[in-house]
Amino acid sequence: MAKRKPSVNTENLTAVQLMELDSCSRCGECVNWCPTYDAAGQDPGLAPRDKILRWREFMNKSYGLRARLFGPKEIPEEDIEKFKDDVYKCTTCGMCATVCESAINTVELWESMRANLVKRGNGPFGKQGAFLKLIGQYKNPYMEDNKNRVNWFPKDVKVEDKAEILYFGGCTAELKQRKLALATARLLNKLGIKFTMLGEDEICCGSALIRTGQYFINDTAKVNAQKNIDNIKAKGAKTVLYACAGCYRASLIDWPRLTGQKLPFKVVHITQFLQELIEKGDIKWEKSIDKKVTYHDPCHLGRHVGVFEPPRAVLKAIPGIELVEMDRIEENQRCCGAGGGVKAGVPDLALGVASTRVEDALATKADLLSSACPFCKRNLSDGRDAIGAKQLEVEDVVVLAAQAMGIDLSDSPE
Amino acid sequence: MDYFAGVSDALRLTFVQVMIMASLSIGIFIIGMYINLKKWGMGSTGYGQQPSGSILAFPTMLAKQMSEHAHVHNQSVLETFVLDILFQRRILRRSPLRWFMHFTIFFGWMALFVLSLAMFAVEMVHLISERLGVHALPEFLYPEVFRELLAVPNDIFSYILLTGIIIAIYRRLFVAKVRESTIAYDSVLLIGLTVITITGFIADGIRTGRFWGFDMPVEWAPPMALFHVVISLLFCIAYIPFSKYIHMIAIPLALLANKGGE
């Protein structure tokens, strides 16, 4: 009799990741810190520890000792479907990786599991399935004409055709949260820094596809990353600035991995760039922003790549701002809830996590909750509205810096 | 040659018995690790690449990750080995009590393992020298003398190990959150470790007539010693690849692969 086929395969999982499944000591630290587990009413299926246990059981049933001796044991399809649902209810914030005593790189593990499940026909989750089509057709996930990325810039904004510095605006800032894109452009103009942009040649950085396990389909993410790299090179850029944490992380970590090559330019977040200028004394503040401000570290800028200090340095330098910290900051920060495709796939869960984060901010008695990522700003604003905390302003660090430099943003389209 | 010699001729444990058991345990361990390496090797040697299926896939990917630049905590192998693997600072950061529990178990277990290996080495030296007709060994290399030398350190590390085990049992039984999340996978590890440690104390207690012997007849020392040795070999060597004991191998590898973690 022919042996039964294994119910799961190991597509998209690396050999080290399969080993990591055996390295979980089930200490439970990840469960204590997971924002989605918490926001979902402590649903055991969402606990990172539980996900590792279940996939390890899938592996052992398919390829363990018993499977080798007597053939693989069938895993009910509903178990795999339930697992898929749970693994997609994760913002890939990386808190579990930070506290993991075994140092399991859980973010990469969830993303690989998602890719595996997409390949198997289970994933992605809900509306995330539209990302590939939208990005393929529109080059952005917002169904916007790609020409609209920067053609709305007011006439005073000067963008060079070619320059050594390029501002990679990102889909969210250029198409949805335009105040940030305008603030960045005008701020660079005011500093006398010549910069260029990709405009309609800019393509989604791929973060949405990578985080939801769809990056490999038709090699879309790889092709787009390469096109972006080529277009950036063609603009003569040596330094690329990002005001979006998601694009920054994708460029810094995912593009070299997808293309298999080192980037031919330097990847810099705008807050790192501003911090350097502040330290050199090149920024002249014209206005005081008399507010108590707290700062939310975006996962993709903080925990994932370790940029914690620059946004704080910018806030501290702005006249009038009193920076107050929330309890959970920097590497222990609580996620805003938008990442990992959760905002699109499981909006209620995203809102629940955001509401908790807004409550963290309210506990500091801050007037304003700032961040350095338009996607965080969007979800934190939604969280603020959901709990009715109208008094709390939510704004990007770059917008605050621009305002303090006397830049008028009243004409920015929202 | 006798092992745990000097109790009675009838119940004396022979070196051959223990060597057979040890070889069997090591054999099972090797087969288990081969199966694990094959299982891990079902993964790829790079992100987004096709599954390898080669037994070399795991060491290849491990070497690749260890040589890559990490954006956070890009620390050296030495730092990872000393601070994260030996000192276990990631546990300390999260919970000093849990670190103390785990560190005493780890330290006690490793020290006893090393002392057992040293005892075994001395027995081997003695055996070989007897066969070769060499009688000029230093006095401490005689098994009876060396065993006495190890008596105090054995006691110290056994109590260190026992301290950790008691804390672990307490947590599993009386801390609600831990108790509720405990599954058989966790229990087997702790039960095995407890049985090994207690039988070790009892075997030694019967032989030496101390507290842990509970006034049991001295003739029971060899079978208890044999039981202790057999379950130690089975649990602490043979069972490693098939149970939570695998974490002793997998966690240091994960720490090395991820440069001590995020």
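In this predicted model, the contact between the chains draws 45 residues from chain B and 50 residues from chain A. The size of an interface is often given as the accessible area lost when the parts come together. Here chain B and chain A bury about 3,900 Å² between them, with 56% of that area on carbon and sulfur atoms.

Polar links are part of the picture too. Between chain B and chain A there are 19 residue pairs in polar contact, counting pairs with both residues at pLDDT 80 or more. Five salt bridges cross this interface; one of them joins the side chains of B:D186 and A:R26, at 3.0 Å from N to O. On the side of chain B that touches chain A, at least two residues each come from α1, α2 (57-67), α4 (89-94), α7 (176-181), α8 and α10 (247-257) of chain B. The most, seven residues, come from α10(B).

Now follow helix α8 of chain B, residues 184-208, to B:T199. Is this residue buried or exposed? B:T199 counts as buried, because its relative accessibility is 7%, and buried means under 20%. Its side chain reaches the backbone oxygen of B:I196 at 3.0 Å. Beyond its neighbours within four places in sequence, B:T199 is in contact with B:M224, B:F227, B:H228 and B:I231.

The largest share, three residues, comes from α5(A), while B:L24 sits in helix α1 of chain B.

Terms used: Residues numbered from 1 in each chain as written. Chains lettered and ligands numbered in written order. Predicted model: local features only at pLDDT ≥ 70, side-chain atom pairs only at ≥ 80, totals over all residues. Heavy atoms only, no water. Helix = DSSP H or I, 4+ residues; strand = E, 2+ residues; numbered from the N terminus. Buried < 20%, exposed > 50% of the residue type's maximum accessible area, 1.4 Å probe, protein only. Polar contact = N/O pair within 3.5 Å; in protein donor to acceptor, adjacent residues only side chain to side chain. Contact = heavy atoms within 4.5 Å. Buried area = accessible area lost by both parts, 1.4 Å probe. Salt bridge = Lys/Arg side-chain N within 4 Å of Asp/Glu carboxyl O.
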